[in-house]
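Please consult the sequence and the structure while reading them.

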Amino acid sequence: MDDFILIQLALGPLMLVLSILFKLFSPNSINRFYGYRTSRSMKSSESWNFANKLSSSLFLYASITTILVQIIFYLPLSKDNLRCIVPLH
């Protein structure tokens, strides 16, 4: 399999792992190193918590969508992988 294709297929699962980590270990206090950092989200603790909770959920949905798009568009184009999943005689 081509290295470029492997890198492309690794993007969705990598995004999924990062989004789960971000959801599990979301930043509790405003900081300049970790979290959804914008001038608006850093104005108060309430906006910081809301922005980080929302962004982690959206990142999770985006990663799942990326994986689904990869599956939908990659499998029909790759006959070798299709033969591994569904034996063709």
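**Exercise 1.** Determine in which element Val 69 has its place, and whether Val 69 is buried, partly exposed or exposed.

Solution. Step one: Val 69 belongs to helix 2, where helices (H or I, at least four residues) and strands (E, at least two) are DSSP runs numbered from the N terminus. The model is predicted, so local features require pLDDT of at least 70 and side-chain atom pairs pLDDT 80 or more, while totals for chains, interfaces and linings use all residues. Residues are numbered from 1 along each chain as its sequence is written, and side-chain values use heavy atoms, with hydrogens and water left out.

Step two: Val 69 counts as partly exposed because its relative accessibility is 38%; buried means under 20% relative accessible area, exposed over 50%, and partly exposed in between (1.4 Å probe, protein chains only).

Step three: from C-alpha to C-alpha, Val 69 and Gly 12 are 9.2 Å apart in space, although 57 residues apart in sequence.

**Exercise 2.** Which residues does Asn 31 contact, leaving aside its neighbours within four places in sequence?

Solution. Step one: Asn 31 is located in the loop between helix 1 and helix 2.

Step two: beyond those neighbours, Asn 31 is in contact with Arg 37, Met 42 and Trp 48. For Met 42, the C-alpha to C-alpha distance from Asn 31 is 8.0 Å, at 11 residues apart in sequence.

Step three: the side chain of Asn 31 reaches the backbone nitrogen of Tyr 34 at 2.6 Å. A polar atom of the Asn 31 side chain also lies 3.2 Å from the backbone oxygen of Ser 29.

**Exercise 3.** How many aromatic pairs does the structure hold?

Solution. Step one: the structure holds 1 aromatic pair. Rings of Phe, Tyr and Trp (its six-membered ring) pair if their centres lie within 6.5 Å; planes under 30 degrees apart count as stacked, over 60 as edge-to-face and the rest as tilted.

Step two: the partners are Phe 22 and Tyr 34, edge-to-face at 5.7 Å centre to centre, with 80 degrees between the planes.

Step three: Phe 22 lies in helix 1 and Tyr 34 in the loop between helix 1 and helix 2, so the pair ties together parts 12 residues apart in sequence.

Step four: Phe 22 counts as buried at 14% relative accessibility, whereas Tyr 34 is partly exposed with a relative accessible area of 34%.

**Exercise 4.** State the secondary structure of the chain and the share of buried residues.

Solution. Step one: the chain has 3 helices and 0 strands, running α-α-α from the N terminus on.

Step two: of the 89 residues in the chain, 21% are buried.

How values were computed
Contact = heavy atoms within 4.5 Å. Polar contact = N/O pair within 3.5 Å; in protein donor to acceptor, adjacent residues only side chain to side chain.
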